[in-house]
Amino acid sequence: MRVETDSNVNHSNLEVEPTQTLEDGAIKHVPVKKKTSCCTGLKVFLLALSFSYLCKTLSGTVMKSSITQIERRFDIPSSVAGLIDGSFEMGNLLLLAFVSYFGAKFHRPKIIALGCCIMSAGSILTAMPHFFMGYYKYETASHAVLSVNSTSSLSPCSVDQNVTGVSETLSEQPDSDCVKAAASYIWIYVLLGNLLRGVGESPITPLGISYLDDFAKEEDAPFYIACLHTVAMIGPIIGYLLGSLCASLYVDIGFVDLGSITITPKDSRWVGAWWLGFIIAGITNLIAAIPFCFLPKSLKKQEEENNDNISSDLSKIKGDQSRHHKSENHQPVKWSVISKGFFISLKRVLSNRIYVTFLCCSLLQFSSFIGFLTYKPKYMEQQYGQSASKSNFVTGVTALPAVSIGIFLGGLIMKKYKMGMIGATKFGFGMSLTAFLITLSHFFVGCENHVVAGLTVSYDGKPVARHETSLFSVCNSNCKCATNQWDPVCGDNGITYISACLAGCKASTGHGKNKVYHNCSCMEITDSQSGNTSVILGQCPKSDDCSRKFIYFTVIQVISAFFYALGGTPLYVTMFRCVHPELKSLAVGLYTLFIRALAGIPAPIYFGALIDRTCLKWGSSSCGHRGACRIYDSDAYRYTYLGLIAGLRLPSYFLAFLFYTMVKKQYQAKDPKSTENGGQESVPMNKEANSKSNEYLSSSSDVERESRI
């Protein structure tokens, strides 16, 4: 029966009305005008996915910006802090591969909504230990001062001696609070919360990208992905600014008298309100789940809209609907068939040599990038004497905007010049290599060590080797000082002393941050121009030259981040375009899975373990156990940290050259007339995909057909 249509009616505004059975048994299809909805459409999905990306990157950045605060709050070394950071990747490992494959067969937007809710729960769980722990007690001699009635003629030497005696008494008869603190590994709850956040994040990237690529025009997909990642970069910017604000607030703000706090945000014992950022991140992730609950399971691909074949499309839609209805009501799900299809698809992806080469190259680059990002705030604190708050702020307002601009321009350039596989590969790895060469200049903008008596210099101010350090000298031999205590003071001679006792101070005045120690005997053996023998609380600041080098470091970081991000979008598109179209969702999932497993989990741990080896002075917990590191060897830290980053990235470019050679050989050989930056090289890719499609469908068509729900 003929279906009459109006040539002016757009195909996107038509839908199939329920069929009407005529007396002669014929079936009549009546096209009617479709009701438009604000919750159905590719652009609405793109907006919702962009906001979810923003929220998940916000949560991840809050963790990165708080890792130093968590390390100090729970008195753990950097390696354990790296394990906590890597627990997010562990959560991804639990579900990522299966969600990437099976999720594409279900309602993808609703699965993404569920993931956002789980991320929200994980963020809030991460912050919960703060509300069950006692007030933060940093190591200081000032606590003992409170029990002494004298205020002006107090001798730190005698106070420290009493403290030592008290410590020995506590070690013999520890109180219940100390036993509880030593026996409870409450940081495990932070690890579990971060792990749960990783579980919730697993469906967002593979299902979101595949959904977007399935229903967008092929030439528009790179631009949409670039827009997605550009908007997502707002999350880290907000996250670092939020982390900066939280780091400037004292951890127990609102519950303690801040006037009695003797440390400042630049002190290595300072702990900010790290928990506040996770509460905010949990709320935003919950809001991000709402739009996905109203989005459809599938959309109509933009390039398939054609007004000339409305009748055939209507018949096809009706046939698909009837088969879908029959499958839902009469055919049970055959999980054995689905599993078989999964392993067939997995084998096809991992047998793709181009994909595997790109994966190995990405593993090295991401291991370097993750290690750098995790400990960048700590590096800025220890190398340049910056506070955690300022380190997060500088990162948020300098490097991340450059990354956002780079990602957006990368997608725009790829769309404008219609880059195929060869052009995208050359451009992407070229920009990455340029960024790497720029970052090598970080080795030349480092600062000198902190001048600490007994650690980096002798008490008369002369440099000493690390293995020749000694905390005691003639000037403090009359004081029985606690060597495991870290309560630094600064003299006018520019030397930092580990404590007022080790500085040989005989008296103190003032209260809180304004406390001043006088008659310090160790000040007399140095050539102090002022002749002042008093010291104040806190470490001595680094030189003005170090402040200039911090500016150079920031400029270098901004430039290198821009070039690295400029090639990010072309390389990301290349990754899932080098596999069969039916397997791109699985390819994205496997890519993310391997990055999480082999880069995201181990990198923070071995970076942290190597950084721990450069520690000069460990702090002590309330029970006398080893706590977080208070000061590092700046030179050893710089060469270890930057050397490991360069050592991972350098061999990745040999693999990048191999990847480019394989891509050029495969795609250019199929079309010798193709240009490097034109769109012609995508033709062989599509031809190959079509030829492989026939082979794939013939070998596993039954599996794929029966596994769809």
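**Close-up 1. Helix H10, residues 221-232, in the predicted model.** Helix H10 has 12 residues and extends 16 Å from its first C-alpha to its last, close to the 16 Å expected at 1.5 Å a residue (the expected span is 1.5 Å times one less than the number of residues). Helices (H or I, at least four residues) and strands (E, at least two) are DSSP runs numbered from the N terminus. Because 10 of its 12 residues are buried, H10 is largely enclosed by the rest of the structure; buried means under 20% relative accessible area with a 1.4 Å probe, protein chains only. Among the buried residues are Tyr224, Ile225, Leu228 and His229. Their cover includes helices H1 (42-73), H9 (204-214), H11 (234-248), H16 (388-416) and H19 (568-577), where contact means heavy atoms within 4.5 Å.

**Close-up 2. The open sheet of 5 strands.** The strand order is E6-E5-E9-E8-E7, with antiparallel pairing (two strands pair if DSSP finds at least two bridges between them). E6 and E7 (507-509) stand at the edges with a single partner strand each, so one side of each lacks a neighbour in the sheet. Strands E5 (489-491) and E9 (535-537) pair over 3 bridges, and glycine 491 has valine 535 of E9 as its bridge partner.

**Close-up 3. Threonine 496 in strand E6.** Threonine 496 is buried, with a relative accessible area of 1%. Its side chain reaches the backbone nitrogen of cysteine 540 at 2.9 Å. Leaving aside residues up to four places away in sequence, threonine 496 touches Val451, Val452, Ala453, Pro488, Val489, Gln539 and Cys540.

Residues are numbered from 1 along each chain as its sequence is written, and side-chain values use heavy atoms, without hydrogens and water. In this predicted model, local features need pLDDT of at least 70 and side-chain atom pairs count only at pLDDT 80 or more, whereas totals for chains, interfaces and linings use all residues.

Notes. Buried means under 20% relative accessible area, exposed over 50%, partly exposed in between (1.4 Å probe, protein chains only). A polar contact is a pair of N or O atoms within 3.5 Å; within protein, one must be able to donate a hydrogen and the other to accept it, and residues adjacent in sequence count only if both atoms are side-chain atoms.
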